[in-house]
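Welcome! Here is a short briefing to read alongside the sequence and the 3D view.

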Amino acid sequence: MAAGGARGGAALRPRVLIVGAGLAGLAAAQRLHLGGIGRFADLRLLEASRRAGGRLRAGQLGNQKVELGAHWIHGPSPANPVFRLAAEHGLLSEEALNEENQSVEASDLPPGPWSFYGSRGGLLSPSLVASTEDFFDALLEEARQFALLLRDKGPPSVPSLGQYLKGQIAQRAAKEWPEAEAQRHLRLAILNVLFKLECSVCGCHSLDEVALGPFGEYTMLPGLDCTLPNGYESLVECIVASLPEESLLFDKPVKTIHWGGSYLEEATPGRLFDVQVECEDGEKIVADHVLITVPLGFLKEHHETFFCPPLPSQKIAAIRRLGFGTNNKIFLEFEEPFWEPDCQAIEIVWEDESPLVQPSMDLQAVWFQKIAGYVVLQPPERYGHILCGFIAGKESEFMETLTDAEVLTALTQVFRKATGNPHLKPPKSILRSKWHSEPYTRGSYSYVAVGSCGEDIDALAQPLPEEASYSKPLQVLFAGEATHRSFYSTTHGALLSGWREADRLIALYGSP
C-alpha cells in the first residue's frame with residue numbers, strides 16, 4: 001500500500017499546498033499536475049503578491065520591458081532545464097539555439113567588446129585590461145580547483161574566496177607585472193572592478209564573505225549566456241497556462257505553517273490532515289503536504305514565527321549560516337549613446353582603488369563606485385540606448401534608500417568625468433530594482449558564506465519530519481534556488497529543486 005494510505009482519503013487524492021509562485025513553486029505545481037496522472041488534482045499555490053514569477057520580474061522603462069530580476073539563462077545548453085523548457089515553448093532566438101553557442105565554455109559575464117573608462121577620464125588600454133582579466137580568470141579557476149582539492153582534506157588555510165585571491169595577487173603582482181609602479185596600480189584598480197563583478201555574480205557584499213571550501217562545488221554549464229527575447233515572464237506565462245486557473249491564489253501571504261499535528265476540515269469529515277497553513281488574512285487551510293519555496297532571505301527574517309513547531313536545530317543553523325545577498329539593477333535610458341556602436345558593456349575603473357586596500361564604508365560618498373558594470377541592452381534597434389548597471393552588497397541596499405533624482409545626479413557626474421565630457425546629457429529615464437526592500441524576498445539570491453558549506457544546502461532541502469514513516473508521511477518540503485547544492489543562485493537551480501520535490505511526492509504515492 002502507498003505511504004499515504006494511513007491518512008484515509010489522502011492516498012486517493014492528497015492535498016498539496018505550495019507556498020510561493022516563483023519558478024520553483026510553478027515548476028513543482030506543473031510537474032505534479034502533468035506528471036501525477038490526476039493524483040494531485042487537489043493542488044493550490046499560495047502567492048503573497050499579485051503576480052506569479054517571484055524573482056522573475058519585468059519592469060517598464062519608456063516603451064520597453066526590461067528584466068528587473070533574473071536576466072540571462074546561464075549555460076544555455078541541453079544540460080540546462082530552463083533552456084530546454086524555453087526551447088520547447090519556442091521562446092528563444094535562433095542565435096540562442098545555435099549548436100555552436102551551446103558548446104561555448106560558460107561565463108557569468110556578457111561577451112565583449114567591453115569599454116573600460118578610467119575614473120579620471122578616457123578609455124584604458126584594451127591590452128592592459130585583457131591581460132589583467134586573463135590574470136583574474138586564471139586565479140578564479142585556481143580557486144575552484146584548490147577548493148575541490150581541499151574538499152576531503154578539512155578547511156583551507158584561508159576561509160574565504162576573497163582572502164585567497166588577495167593573497168595570490170599580493171604574492172604574484174611584483175613578479176608577473178614587471179612594469180612601472182603607476183601601471184601596476186592601474187592593474188590593481190582593474191582587478192578591483194573584477195572583484196565587484198564577482199560580487200554581483202555571487203550576490204554578496206564582499207568576496208571575503210564567500211566560503212572558499214565549497215566554491216568549487218558550484219557547477220557552471222556550457223553555453224553562451226542568452227536572454228529570452230520576450231523576457232523571463234514569457235516562460236512564467238507558459239507554465240501558468242498549463243495549470244488550472246483556480247489552483248493559483250494571489251494576495252495570499254502565509255503567516256504560519258503548523259505541522260506535526262492532526263487537523264480536521266468540515267468539508268471532509270473523518271479525514272485527518274498533518275498540516276495547517278495559517279494565512280495573514282486569517283484563513284486556515286489544511287493539507288497533507290506543504291512545499292515551501294520562499295526565498296532564503298525571507299526564511300532568515302521569519303523562520304522563528306513561520307513554523308510551528310519550530311524547525312529542527314540543524315535546519316535553523318543552515319538558514320543562519322548560508323549567505324543571501326542583494327544584487328540590484330539600475331536601468332538608464334539615454335537620448336544618444338556615448339559608447340561605441342559595437343560596445344556590449346561599460347566599466348568605470350576607479351583608479352585609486354585596489355582589492356588589497358579596505359574600501360571606504362562612507363556609503364553616501366562612494367555607493368556608486370560599487371557598480372560592477374553597465375551592460376548595453378541588445379539589440380539597440382529594439383531597446384534604443386539603455387544601460388543596465390549591476391550593484392551588489394551594502395552599497396546596493398543603500399542605493400534603494402535614494403530617490404531616482406539622487407541616483408541620476410550621481411551617475412551623470414560619473415559618466416561626465418569618465419568620458420571627459422562635462423556636457424554629457426543625463427539619462428532621460430531611470431528604473432531600478434529594490435530586492436532588499438521587497439518584504440517577501442529581502443535580497444536577491446543565495447551563496448555559500450564563510451562558516452557554511454554544501455551540507456547546509458542539503459540540510460535546508462531536507463523535508464520534515466526528518467524521519468518520514470508510514471504513519472507520518474512527508475509533511476513540509478523545501479524548494480528554491482538556495483536548496484540546490486550545485487546550481488544555487490540560478491533559475492535552473494530553482495526549476496530543478498521544484499521538480500525534485502514534486503518527484504519526491506509522486507514517488508511517495510507510487511503508481512495509481
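In which sense do β1 and β2 pair, and over how many bridges? They pair in the parallel sense, over four bridges. This is a predicted model, in which local features need pLDDT of at least 70 and side-chain atom pairs count only at pLDDT 80 or more, while totals for chains, interfaces and linings use all residues. Residues are numbered from 1 along each chain as its sequence is written, and side-chain values use heavy atoms, with hydrogens and water left out.

**Words you will meet**

- Helices (H or I, at least four residues) and strands (E, at least two) are DSSP runs, numbered from the N terminus.
- Two strands pair if DSSP finds at least two bridges between them.
- Buried means under 20% relative accessible area, exposed means over 50%, and partly exposed lies in between (1.4 Å probe, protein chains only).
- Contact, also used here for packing, means heavy atoms within 4.5 Å.

- On the β2 side, Leu17 stands opposite Arg44.
- β1 also pairs with strand β10 (residues 289-292), in the parallel sense and over four bridges; here Ile18 stands opposite Leu291.

**A hairpin and an open sheet**

- Strands β3 (residues 58-61) and β4 (residues 64-67) pair in the antiparallel sense over four bridges, with Ala58 opposite Glu67.
- These two strands form a hairpin with two residues between them, and Gly62 in the turn has a positive phi of about 60 degrees.
- Elsewhere, four strands make an open sheet with mixed pairing, in the order β9-β8-β7-β11.
- β9 (284-287) and β11 (307-308) stand at the edges of that sheet with a single partner strand each, so one side of each has no neighbour in the sheet.
- Strand β7 (residues 254-258) pairs with β11 in the parallel sense over two bridges, and Ile257 stands opposite Phe307.

**Helix α6**

- Helix α6 (residues 161-176) has 16 residues, which should span 22 Å at 1.5 Å a residue; its end C-alpha atoms are 21 Å apart, which agrees. The expected span is 1.5 Å times one less than the number of residues.
- α6 bends by about 30 degrees at Ala170, where the bend is the angle between axes fitted to the seven residues ending there and the seven starting there.
- Among the buried residues of α6 are Leu161, Tyr164, Leu165 and Ile169. The buried residues of this helix pack against α5 (126-149) and α7 (181-202).

**Helix α10**

- Lys315, Ile316, Ala318 and Ile319 are the buried residues of helix α10 (residues 313-321).
- Seen down the axis of α10, these buried residues fall within an arc of 160 degrees, so they line one face of the helix. The arc is that of the directions from the helix axis to the C-beta atoms.
- Ser313 and Arg320 are exposed on the other side of α10.
- The buried residues of α10 pack against α9 (296-306), α15 (454-461) and β19 (476-478).

**Nonpolar cores**

- A nonpolar core is a set of buried Ala, Val, Leu, Ile, Met, Phe, Trp, Tyr and Cys residues joined through side-chain atoms within 4.5 Å.
- The largest has 43 residues, and Leu26 and Ile73 have the most contacts inside it.
- β1 (16-19), α1 (23-35), β2 (43-46), α2 (81-88), α8 (232-241) and α16 (491-509) each supply at least two residues of this core.
- Another core, of 34 residues, lies apart from it and includes Trp259, Phe298, Ile316 and Val476.
- Beyond its neighbours within four places in sequence, Ile73 is in contact with residues including Val82, Phe83, Leu92 and Tyr232.

- Is Cys204 buried or exposed? Cys204 is buried, with a relative accessible area of 0%, and its place is in the loop between α7 and α8.
- Cys204 and Gly325 are 121 residues apart along the chain, with their C-alpha atoms separated by 4.9 Å.
- Thr305 is found in helix α9 and is exposed, with a relative accessible area of 56%.
- Leaving aside neighbours within four places in sequence, Thr305 is in contact with Lys255 and Thr256.
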